[in-house]
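Dear colleague,

Please find the structure below for your records. A short account of the findings follows it.

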Amino acid sequence: MFKFLKSDPVKKAKKHIEKALIEIEEGYPDYASTEYEKAARKFLEVEQTDFAVKYFREAAICSLEHDDHYRCSEMKIAAAECLLQEGRYDEAGNLYSESSDHLHREKKSKESNRSLGVAIVGYLAARNFNTATNLMRKAEKRIKETSSKKDPLYALAEVSVKILCEGIDIPTAQFEKVAKSVKPNEIERPLVDFLISSTRLALQTEIALEWAGAPQKEVNVKEPLEIELRYKCPSEVQIVDHRLTLSNSVIITKEPEYKQNPSKEESWLLQFKPVLSGSGSIGPLTVTLEGDKVLVNKHSNILEFSIARAPSRIALDVRPERVSCNLGEEAVLQVTILNEGDGPAENIELSVELSDGLELSLGIEEKSINFLGSGENVRFQAFVRAVGQGEELVTIKVLDGRSGDEVVKTSMVRVG
């Protein structure tokens, strides 16, 4: 019967906003900040989170105009907690980061440290791993400057970044010790519990790159490589993001689509091709695995190997295979040396051997070629004179100084 006497929280909030605007016009931003805060809390009563966040931020801006950085930080944390309750971790992380800056300005090192820790935890939970890593670098620098003691929440953020973002293997006992020391408030607890469970799973998850076949310490340029990626996780997960690191000497030629139903174990085949000789590496492969209330960001191992230059393959062609001439006349043979391999041939030695009834009428019996690139060829003519009758032989031998392979071709000269 007294329901009509109850005031509407939204109407009350609007009245506080009107009062805040009046205080701003009259030059009292500190009073305006208080009115905006009251409005925000009224919006919270009816679960209008976006309006609550908006007016907590307005309260923070007014506090800043009054040069009250500590209250500004409090209002931004209040706004961030509204976002945490809705699982909007990325937005909340941004506000916690800003509140940390205000507290740092006021030389509240311990509180600033804690806010920065919550910000990093929020970014990690939102899969914003790059921002979390960059913010941790900022936090490390700030810790060194102030020499303040690390807050347990900051310590959790620090060890989680090492595990999730940098792929560092941290002993499970060390992580559990840090996790147990954290004392989150009621609003922060779901976020912290989510990160702890995800990081714990990351420690138990295996991501591996393995040779599809016998392990190789040395491979050849342009020789296809097959690598198997596999993961194993205690919980059913699926890959939602990935990033592969390769050396400049290797390219990927075939990458599978990682779409699959959540599973505790899965594998794929990847194909690569070395394009430059020297050293090569594949990995680490960073994957984000997601499942029911599970987030795992994990780094694989690195496969390292040396890349030998592509092999050369010498082919020899002598035309014609049979030729006739009279005694005292010349026969001309067309000789072509071709490198059919993917790599260069070096220090090629060519020799011409004649049977007793022939002699060279032009040129020399031996010839050297310093270098012959892949797909290149060199041509020359062999002039032989018949000095005896019968079926005579011209034998051309080519030795590849790099591979040690020798190619031999023979032509017959019939002297009538």
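C165 is buried, at a relative accessible area of 13% (buried means under 20% relative accessible area, exposed over 50%, and partly exposed in between, with a 1.4 Å probe and protein chains only). The model is predicted, so local features need pLDDT of at least 70 and side-chain atom pairs count only at pLDDT 80 or more, while totals for chains, interfaces and linings use all residues. Residues are numbered from 1 along each chain as its sequence is written, and side-chain values use heavy atoms, with hydrogens and water left out.

The sulfur of C165 lies 17 Å from the closest cysteine sulfur, that of C233, which is too far for a bond. The structure has zero disulfides (a disulfide being a pair of cysteine sulfur atoms within 2.5 Å). C72 is likewise in no disulfide, as the nearest cysteine sulfur, in C62, is 10 Å away. C72 is buried, with a relative accessible area of 1%.

Turning to the strands (DSSP runs of E, at least two residues, numbered from the N terminus), four of them form an open antiparallel sheet in the order β9-β11-β15-β13. The edges are β9 (314–319) and β13 (358–362); each has a single partner strand, so one side of each is left without a neighbour in the sheet. From one strand to the next, the twist averages 35° (angles run from 0 to 180 degrees between N-to-C directions, with axes fitted to C-alpha atoms).

Strands pair if DSSP finds at least two bridges between them. Nine bridges join β11 (residues 330–339) to β15 (residues 377–386), which run antiparallel. V332 stands opposite F383 in β15.

Yours sincerely

How values were computed:
Helices (H or I, at least four residues) and strands (E, at least two) are DSSP runs, numbered from the N terminus.
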